[in-house]
Amino acid sequence: MNELWFALILCVSSMVAGLLGALSGLGGGVVIVPLLTIAFHVDIHYAIGASLVSVIATSSGAAAAYVREGFSNIRVGMFLEIATTLGALFGAWLTTRIPTHAIGIVFGVVLLYSAWASLKQRHGAVTENPDPLALRLKLKGTLPEDDEIRTYVAQRIPAGFGLMTLAGALSGLLGIGSGAVKVLAMDQAMRLPFKVSTTTSNFMIGVTAAASAGLYWRSGYMAPSLVMPVMLGVLIGSLMGSRLLVKAEVRTLKRVFSLVIVALGVEMIVSSLTRK
Amino acid sequence: MQWTDKRIETLVGIMLRTGVTIAATVVLAGGVLFLAQNRGPRANFHQFHGEPPQLLSLSGIAHGVATGDARSIIMLGILLLIATPVARVGMCILGFAEERDKLYAAISSFVMAILLYSLIFHK
């Protein structure tokens, strides 16, 4: 296989990954690493380098659309980015030190969790007594709902902050956006409205990923001829996906994609365990 | 015009989109050049062997871009992409400062410090 064919096949596969990722809401990044390591036998370090770049591209590319919707909360995002960027620094440092099969196993577990989280019924936001810390930090906002303006205040800040540190560490360790854990932190722990959680999470993914990008770059994880087709493919696919999202019936697709992710997760765990 | 959260968000959205468009164009240009120059068997990514040192420093990449090296041009595009969310945080610092929100100007500056540390010093 010469360079041109390799690049074309990679670009088309990444496009499909980006498209499915956008349609299912799981993000294209989560399947790029298994795709590269299982189907193309790429070393996991190069794979997470290419994946991280794609994650920054899709997060930034989708941001304009999210801003138009007006649900994202920049204060909540910025405050929690302290946790995700510090976590990402630690995760990226860990990647350069732990053995390859350990990265593979953690990756498999995160894939299984993401699939489970995407299918689970989500919580409705429960109004509890306003958290004084949240009020001091201005972690509140409003959103339109059924012709009226609803006010929300974040709950359980320490739990949310802790989960965000974990999300950042997983992002830095595995080169993914870890949107599933970010949404868990905001939706479940901090009880923010679901739409606020998902759109703010998208905003945060790019900044979180940028925090580990420097170390990935200087450690030689970013191979230009591999990153190029993957990044462009995922970007095109996810932009197409967000256009289609309005029309498409996503329920069945979400189930199918979750099954694919479960299969990839099991495969990563098994192959990591047998290869060592 | 009055600075509001909504205005910061709109500017940030435009900036992110512009950044990603420029970065993707540079990567694509480098990619086309790379594929035009390399027609032989592809590089092997089965084993990790890192990247050559000239692609791991700003000066090396700048030199490569000046001499028309395709890999350096792709790397320049990747670095532009990484710079986009960093610029986003920078814009939030300015926006919060304009809103006279000292707390959030400080929080944004702290996030910026972490990003700059990781991009410049962290090893």
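**Notes on the predicted complex**

1. I begin with a loop position: A:S178 is located in the loop that joins helix 7 to helix 8 (179-189) of chain A. This serine has a positive phi of about 40 degrees although it is not a glycine. A:S178 counts as buried, because 36 C-beta neighbours lie inside 10 Å, where 20 or more are required for that class. The model is a predicted one, and these values should be read with that in mind.

2. A:R156 belongs to the loop between strand 2 (148-153) and helix 7 (157-174) of chain A. Is this arginine buried or partly exposed? With 18 other C-beta atoms within 10 Å, A:R156 is partly exposed.

3. As for the overall architecture, chain A contains 11 helices and two strands, and their order along the sequence is α-α-α-α-α-α-β-β-α-α-α-α-α. Its radius of gyration is 18 Å, close to the 19 Å that the globule rule gives for 276 residues, so chain A is as compact as a globular protein of that length. The C-alpha trace of chain A spans about 60 × 40 × 30 Å along its principal axes. Of the 276 residues in chain A, 58% are buried, and residues 24 or more positions apart account for 80% of the contacts in chain A with a separation of 6 or more.

4. Helix 1 (residues 3-24) of chain A has 22 residues, and the distance from its first C-alpha to its last is 31 Å, close to the 32 Å expected at 1.5 Å a residue. Just after this helix comes A:G25, which takes a positive phi of about 80 degrees.

5. Which residues have the most contacts inside the largest nonpolar core? They are A:V53, A:I56, A:L174, A:V227 and A:M231, in a core that has 123 residues. Helix 3 (residues 44-69) of chain A supplies the largest share of this core, 14 residues. Leaving aside neighbours within four places in sequence, A:I56 is in contact with residues of both chains, namely A:G206, A:A209, A:A210, A:A213, B:L81, B:I82 and B:P85.

6. Turning to the interface, 53 residues of chain B are in contact with 50 residues of chain A. On the side of chain B that touches chain A, helix 1, helix 3 and helix 4 (102-121) of chain B each supply at least two residues, and the largest share, 17 residues, comes from helix 1 of chain B. By residue class, this side of chain B divides into 30 nonpolar, 14 polar and nine charged residues.

7. On confidence, the predictor gives the complex an ipTM of 0.91 and a pTM of 0.91. Chain B has a mean pLDDT of 89, with 95% of its residues reaching 70 or more. Within chain B, confidence is lowest in helix 1 (residues 5-37), at a mean of 90, and highest in helix 3 (residues 70-98), at 94. Where pLDDT is low, the predicted coordinates should not be read in detail.

8. B:E99 is partly exposed, with 16 other C-beta atoms within 10 Å. The C-alpha atoms of B:E99 and B:G60 are separated by 40 Å, the two residues being 39 residues apart along the chain.

Conventions
Residues are numbered from 1 along each chain as its sequence is written. Chains are lettered from A and ligands numbered from 1 in the order in which they are written. This is a predicted model: local features need pLDDT of at least 70, side-chain atom pairs count only at pLDDT 80 or more; totals for chains, interfaces and linings use all residues. Helices (H or I, at least four residues) and strands (E, at least two) are DSSP runs, numbered from the N terminus. The expected span of a helix is 1.5 Å times one less than its number of residues. The radius of gyration is taken over C-alpha atoms; the globule rule is 2.2 Å times the number of residues to the power 0.38. A residue is buried if 20 or more other C-beta atoms lie within 10 Å of its own, exposed if 12 or fewer, and partly exposed in between; C-beta atoms are placed from the backbone. Two residues are in contact if their C-beta atoms, placed from the backbone, lie within 7 Å. pLDDT is the predictor's confidence in each residue, from 0 to 100. Ala, Val, Leu, Ile, Met, Phe, Trp, Tyr, Cys and Pro count as nonpolar, Asp, Glu, Lys and Arg as charged, and the others, Gly among them, as polar. A nonpolar core is a set of buried Ala, Val, Leu, Ile, Met, Phe, Trp, Tyr and Cys residues joined through C-beta atoms within 7 Å.
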